[in-house]
Amino acid sequence: MSGGDYVAGGRRLGDVPRTTAATGPAAVRRAIRRRTSPSAAWWGILMVIASEGVLFAAMIGTFFYLRFNNVHWPLPGDPEPKVILPIVLVAILSTTSVLMQLAWRAARAGALGLVRVFLVVALVVQSGYFAYEATDFGHELRATPIDRDAYTSIHYTLLGADHAHVFLGILFNVWLLWKFARGITTYRANALQAITWYWHFVNILTWVVVGTITSAAVG
Amino acid sequence: MAIATPPTPAAAERMELLAKMWEGRPGVLGWFTTTDHKKIGLLYFWTTLVFFAAGGAEALIMRTQLAQPNEKLVSPNTYDELFSMHGITMIFFFIIPMTTGAFGNYLLPLMLGARDMAFPRMNALSYWIFLASGIFLYTSLALGVAPNAGWFDYVPLASRQYDPGRNIDFYCLGIIFNSISSTLTAAQFIVTIFKSRAPGMSFNRMPLFCFAMLAAAGGLLFALPLLSADTIFLFLDRNIGTHFYDIARGGSAYLWQHLFWMFGHPEVYILIVPAFGIATEIIPAFTQRRVAAFPLVAIAELLVVFIGFGVWAHHMYATGIPTITAIFFGSATAMVVIPSTIQVFAWCMTMVLGTARFGTPLLFIAGFIFMFVIGGLSGIMFVAIPFDQQVTDTYFIIAHFHYIIFGAAVFPIFGGMYYWFPKVTGKLYYELPGQISFWILFVGTNLLFFPMHIVGLLGMPRRQYTYPSGMGWSGYNLVETIGGYITAAGIILLIGNLVVSYFRGAPAGPDPWHGATLEWTTSSPPPPYNYAVIPKVSSAYPNWDEADRAEDRAKLAEGTFVLMDGHEQVAVTPVDGTFDEVVEMPHDSPWPPLLALSLLLVFFMLVLHKYGAAGIFAVGTVLTLFGWHSKEPQEA
């Protein structure tokens with residue numbers, strides 16, 4: 001019906017995959033292999049990363065702007081930030097980048113069972129990280145309230161925003177598991193690729209945020 | 001020749017089948033659930049016109065108040081709310097949503113040869129959030145607690161200590177809410193431009209309007225988060241007692257200004273660059289000539305926004321920033337002249353070298369160039385730091401930026417309304433009233449804004465609700481007010497002409513101007529599927545490539561490249577435009593308006609400090625998102 005031999009924009013129509021119409025492991029594997037550039041979903045998540053990256057750049061910029069406007073940092077009377085434990089925790093969280101990448105690799109191969117396994121393991125690590133950090137955040141907040149001074153203001157806002165992004169990623173993964181519980185489609189595989197990139201972003205971001213916050217304990 | 005009429009009975013059948021497949025739900029409900037970029041563009045158009053009327057009414061009240069000295073039409077407090085709401089409305093609720101939301105949404109997929117945006121449901125969501133944020137902000141005006149510290153809302157004036165009401169909370173949350181909508185639009189445009197072009201439309205064959213939209217979208221994507229961070233900090237300072245802007249506790253009032261203008265200056269270019277895009281479409285159509293220096297103009301459109309990110313501190317010369325910083329930002333500001341001038345020369349040369357026919361759209365573009373040059377010349381004067389410090393916070397500034405934002409950004413919007421009216425409605429507008437509306441607007445605008453340069457130089461400060469007699473300002477102010485009313489009359493004539501033309505205008509046919517770009521190859525108004533055959537593209541002026549259009553007609557007759565196996569759209573490689581995928585597109589969806597509604601409730605609860613209730617509605621928002629994704633496009 002659509003003229004398989006017609007050449008448009010340098011490629012035969014018959015060679016071009018109808019990607020999102022593909023459902024089932026074999027069809028998804030074939031469709032993704034025949035695609036030569038990233039999907040719109042990947043571009044979409046790149047826009048999210050760009051936008052959120054600027055938001056965090058503004059917050060981190062604010063942290064250092066306030067730091068260089070004050071003689072003491074943290075401000076007098078504020079507790080120094082923890083250093084070792086947050087770094088260990090973010091190192092553990094970062095392993096989920098590998099797990100998510102493996103899940104995406106499995107989806108490309110149409111291996112639905114493996115996708116589910118990697119997603120569940122990643123979700124466990126991410127949830128563990130978030131549960132500990134959220135509890136710790138609550139404890140810290142009770143000991144030193146956010147409304148003490150400019151240091152506590154940016155400290156908690158930056159850390160809270162980072163935790164919120166981890167939480168959002170967890171919601172994404174719950175959604176992915178819900179989707180993959182019902183089989184595999186290219187639409188779901190595209191979403192998995194996008195969310196994998198989101199996690200790469202969040203993990204790098206968390207390193208930068210933790211580095212920024214712990215820098216207050218140095219010098 | 002366009003494919004407005006099917007070349008064979010078989011082609012007619014194919015077009016009918018496509019129409020059935022792409023037509024959304026009929027009736028009023030259809031407007032709520034639509035994902036058609038054209039319908040969303042029209043929703044944006046009508047909504048922004050309402051906000052334009054509101055912002056215009058606010059301006060007229062202010063001008064009436066200032067018509068003579070010691071006037072007492074409004075109180076100082078009301079005047080504060082009026083100028084704050086006027087600025088916020090015109091920037092966030094008129095120009096940006098009109099240029100990107102209305103013009104961009106309607107035209108971008110058509111110019112790219114696509115059947116819809118890359119993410120149609122997200123596109124609908126951006127509109128509904130825009131509408132919800134407007135309702136949110138204007139609720140504050142109805143309740144008498146509208147923002148009242150100006151559109152740039154400087155602290156410490158905007159802090160709780162000096163502005164204890166809910167006014168600034170509405171500002172912070174309204175701006176954040178609106179930013180979500182603009183960010184969605186920006187992301188949508190960039191992905192659509194990279195992925196949804198017709199195969200063969202490599203980047204160098206993309207129309208200049210699309211380059212302008214890419215520049216504006218890129219600017220929005222990178223600038224808005226800075227404003228969001230700024231307003232989040234202010235909301236926290238005001239409501240949970242943080243100290244970002246409180247000098248006594250280690251904060252900084254400069255921080256607000258830096259973050260605001262890091263956003264605010266690119267914002268000016270975001271406002272104007274779509275106007276450049278409109279100009280670069282109208283000029284070739286009305287001169288029947290390709291735009292001179294096409295690659296330079298494309299680069300200049302992108303460069304204006306890029307340089308715009310490095311000039312913010314020229315808004316802060318009067319704050320006592322170090323001289324070396326001021327010199328750096330002055331030099332960066334001077335650089336903006338280069339891409340701006342490239343475009344002005346390119347537009348003028350195209351008109352000189354082509355056969356210019358000064359129909360109403362081109363008249364508006366000529367008026368735009370005239371006022372852009374005046375606004376540009378007064379803008380470049382601010383590079384001279386002592387001069388800037390002298391005129392800061394006077395009417396000279398108001399004159400300068402209204403020449404840019406009204407003369408240069410809004411005139412092309414008016415020109416664009418006339419230019420694409422036949423495409424959107426299928427009717428021709430009345431030419432003589434159109435030309436009269438231009439001249440009234442041109443005279444009114446210059447009467448309104450030019451004397452502001454003079455009163456500014458004479459020392460009249462901005463944002464004063466009145467002024468004493470005997471200052472030598474009264475005559476100029478009266479002329480400005482008269483200019484304001486003439487401008488309003490011009491706008492009423494323009495809208496009236498378009499409304500009457502819609503009901504009584506002659507049929508336009510698909511291509512009344514012999515326009516250059518793809519939208520003129522389809523019927524007026526375009527069918528729901530835009531193009532029966534995915535169009536062939538060999539240049540940036542595809543409607544003038546007769547052989548390609550003949551090939552499209554032949555393809556339709558034989559059923560090649562019609563893509564009617566589903567709700568299908570092509571996707572291409574981002575740079576070369578190589579055909580890469582056929583993707584299923586979503587159908588109508590009730591979820592976008594529902595999601596916007598739940599977000600509206602979240603924001604209302606936040607402004608009322610009912611954080612628990614806000615949390616509950618936030619959970620509702622997440623559940624709505626799950627509902628949204630319960631059905632995939634190929635399952636419909």
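This is a predicted model: local features need pLDDT of at least 70, side-chain atom pairs count only at pLDDT 80 or more; totals for chains, interfaces and linings use all residues.
View 1. Although Phe561(B) is not a glycine, its phi is positive, at about 60°. Phe561(B) has 24 C-beta neighbours inside 10 Å and therefore counts as buried, the cut-off for that class being 20 or more.

**View 2. His609(B) in the loop between α19 and α20.** The loop of chain B between α19 (591-607) and α20 (611-628) contains His609(B), a residue other than glycine whose phi is positive, near 65°. Because 12 C-beta neighbours lie inside 10 Å, His609(B) counts as exposed, a class that takes in residues with 12 or fewer.

**View 3. A cis peptide bond at Pro156(B).** The bond that joins Val155(B) to Pro156(B) is cis, and its omega is near 5°. Pro156(B) belongs to the loop that lies between α5 (120-142) and α6 (167-195) of chain B.

**View 4. A cis peptide bond at Pro74(A), with the setting of chain A.** Between Trp73(A) and Pro74(A) the peptide bond is cis, with omega near 5°, and Pro74(A) is located in the loop between α2 (40-68) and α3 (84-108) of chain A. Chain A has six helices and two strands, which follow one another from the N terminus as β-β-α-α-α-α-α-α. Its radius of gyration of 22 Å is well over the 17 Å that the globule rule gives for 219 residues, so chain A is more spread out than a compact globule. The C-alpha trace of chain A spans about 75 × 35 × 25 Å along its principal axes.

Terms used
Residues are numbered from 1 along each chain as its sequence is written. Chains are lettered from A and ligands numbered from 1 in the order in which they are written. Helices (H or I, at least four residues) and strands (E, at least two) are DSSP runs, numbered from the N terminus. The radius of gyration is taken over C-alpha atoms; the globule rule is 2.2 Å times the number of residues to the power 0.38.
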